[in-house]
Amino acid sequence: MNTATTHSPMAMNDNRSGFFARAEAWLDERGKGAWIAAMVLGFIFFWPVGLALLAYMIWSKRMFKNSCTAMTRTRARHMGKSSGNSAFDAYKHETLRRLEEEQDNFEAFLKRLRDAKDKAEFDQFMNDRAQASNRDSADDGDDLAKA
């Protein structure tokens, strides 16, 4: 084996990225609890590690995505299995399709609701800001009149 290639900076970088990829896959296999445990241990032993794990979990949406992904995989497994009774399988398929459609509609409704709330809060902020600006200009006018 050529030692120049195994100890080169590029090879060491590949080993490190391979380690992180393996660690990430290992934690993913064990679920959200493993990520949380790793983060807590990181905070206990060396807080920047815990902070880095927290930031990575938020940035990669691991805290929110894994539970939905696991449910989707389970649902897909159950949808693909046949019970042997074609009438029941058709009923099950139609019911699951309808439930997924209802879930999509509900998620769209929640998004519209959040968007409306965000718009209302922004409009309130702009109104408050305009009122404060009007008060400040009125106060400046009163100060000039007194002088």
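I take helices as DSSP runs of H or I with at least four residues and strands as runs of E with at least two, numbered from the N terminus. On that basis I read the pattern α-α-α-α-α-α along the sequence, that is, six helices and zero strands.

**Basis of the entries**

The model is predicted, and I required pLDDT of at least 70 for local features and 80 or more for side-chain atom pairs, while totals for chains, interfaces and linings use all residues. Residues are numbered from 1 along each chain as its sequence is written, and side-chain values use heavy atoms, with hydrogens and water left out.

**Burial**

I call a residue buried under 20% relative accessible area, exposed over 50% and partly exposed in between (1.4 Å probe, protein chains only). The protein has 147 residues, of which 11% are buried.

**Helix α3**

I located α3 at residues 32-45, a run of 14 residues. From first C-alpha to last it reaches 20 Å, close to the 20 Å expected at 1.5 Å a residue; the expected span is 1.5 Å times one less than the number of residues. Which residues of α3 are buried? I found Ala34, Trp35, Met39 and Gly42. Seen down the axis of α3, these buried residues fall within an arc of 135°, so they line one face of the helix. The arc is that of the directions from the helix axis to the C-beta atoms.

**Nonpolar patch**

I next looked up the nonpolar surface. Ile36, Val40, Leu41, Ile44, Phe45, Phe46 and Val49 make a nonpolar patch of about 700 Å². Patch residues have over 30% relative accessible area and no salt bridge; like charges are joined within 9 Å, and nonpolar side chains (Val, Leu, Ile, Met, Phe, Trp, Tyr) within 5 Å. The accessible areas come from the Shrake-Rupley method with a 1.4 Å probe, and for residues only the protein chains shown count as cover. Which helix gives the most to the patch? It is α3, with five residues. Ile44 lies in α3 and is exposed at 58% relative accessibility.

**Helix α4**

I found α4 at residues 47-59. Its 13 residues reach 18 Å from first C-alpha to last, close to the 18 Å expected at 1.5 Å a residue. Gly50, Leu53 and Met57 are buried in α4. Seen down the axis of α4, they fall within an arc of 60°, so they line one face of the helix. The face turned away from the buried side carries the exposed residues Trp47 and Trp59. After α4 comes Lys61, whose phi is positive, near 60°.

**Aromatic pairs**

My search of the whole structure gave four aromatic pairs. Rings of Phe, Tyr and Trp (its six-membered ring) pair if their centres lie within 6.5 Å; planes under 30 degrees apart count as stacked, over 60 as edge-to-face and the rest as tilted. Why does the pair of Tyr56 and Trp59 count as tilted? The ring centres are 6.0 Å apart and the planes stand at 40°, so the pair is tilted. Tyr56 and Trp59 are three residues apart in α4, about one helical turn. Tyr56 is partly exposed at 27% relative accessibility, whereas Trp59 is exposed at 67%.

**Salt bridges**

Side chains of opposite charge can pair when their charged atoms come close. I counted seven salt bridges in the structure, each a side-chain nitrogen of Lys or Arg within 4 Å of a carboxyl oxygen of Asp or Glu.

- Glu29 and Arg30 meet in a salt bridge at 3.2 Å, N to O. Glu29 is exposed at 63% relative accessible area, and Arg30 is partly exposed at 45%.
- Glu121 pairs with Lys117, the closest N and O atoms being 3.8 Å apart. The two are four residues apart in helix α6 (residues 86-146), about one helical turn. Glu121 is partly exposed at 45%, and Lys117 is exposed at 52%.
- Asp123 pairs with Lys119, with closest N and O atoms 3.1 Å apart. Lys119 is exposed at 52%, whereas Asp123 is partly exposed at 31%. These two are also four residues apart in α6, about one helical turn.
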